[in-house]
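Subject: Handover of a structure and its findings

Dear colleague,

Please find the structure below.

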Amino acid sequence: MADIDDIKDGKDFGLDRPQDRQGFFLKGLAHYDWGLKARMSQIFNPATGRTVMLAFDHGYFQGPTKGLERIDLNIAPLFDHADVLMCTRGILRSIIPPTVRKPIVMRASGGNSILSELSNETIAVAMDDAVRMGVSAMAAQIYIGAEYEHKSITNVIRLIDEGLRVGIPTLAVTGVGKDMARDARYFGLATRIAAELGAHYVKTYFVEQGFERVTAGCPVPIVIAGGKKLPEIEALEMAWKAIDQGAAGVDMGRNIFQADDPVAMIQAVSKVVHEHMPAQQAYELYQDLKRQK
């Protein structure tokens, strides 16, 4: 193995040459089984190759944070406008009606809280239970460089192996600890490791410098995390830049459900993601939808 000091940063990412998708609309997934690809086709719109995931799984370690006090009141009105719902099994069974016809990405890692070390997680959902719930994918954090890095990687590997047996894809979520870098080099490392392990798509953060190299260096689709709450125009600008630089969608939570008008915001985000609508135009749409109420 190469000495760590001998590892050189990649330079030739072929930004002018898109990865060959080999007959399937999502990169890196052409050679998987029909069932797994069918589930990925539920998560990503085959017409655009993109997705707007609505993340409201924060309660598994944050509790009833702002905007998530009542899922039935605050989040349910957003269901119709999302492509995918990302939640925990407790919320799925207790709040979300089985008549809701949206694919579910299940938060499968857990076992910690905001009062403890974030990277010390375990697998919190058995794969046979995921099959019973009819989920489209399972998601777990991968903490590269954190105290419990190896444990988080093991969690993701376990999900990948168990999911492949039943045709359920795995979303690896790049977690960032308090003292960890938030730059293209770190996210390029974390997303590539996740893909090399076999994750079928990866969730990571957008960075202003070098994000196109992060997406190019990851052989499977990337969706961006919304992260902390931003002013609406800034969240739309972030989404536009991410799509423009190769992301296949967003997995937004706080920047939607903590917006002044969450229903208007998710519609504006969807326009950016699926139609690549410029951020300023999407913000004007957001304002128009707000006024109509």
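The side chains of Asp16 and Arg17 form a salt bridge, 3.8 Å from N to O; the term denotes a side-chain nitrogen of Lys or Arg within 4 Å of a carboxyl oxygen of Asp or Glu. Asp16 is exposed, at 63% relative accessible area; exposed stands for over 50%, buried for under 20%, and partly exposed for values in between (1.4 Å probe, protein chains only).

This is a predicted model, in which local features need pLDDT of at least 70 and side-chain atom pairs count only at pLDDT 80 or more, while totals for chains, interfaces and linings use all residues. Residues are numbered from 1 along each chain as its sequence is written, and side-chain values use heavy atoms, leaving out hydrogens and water.

The structure holds 15 salt bridges in total. In one of them, Arg132 pairs with Asp129, with the closest N and O atoms 3.3 Å apart. Arg132 is exposed at 58%, whereas Asp129 is buried at 5%.

Glu208 and Lys241 form another salt bridge, at 3.2 Å between the closest N and O atoms. Lys241 is partly exposed, at 28%. Through shared partners, salt bridges also join Arg89, Arg93, Asp128, Asp129 and Arg132 into one network.
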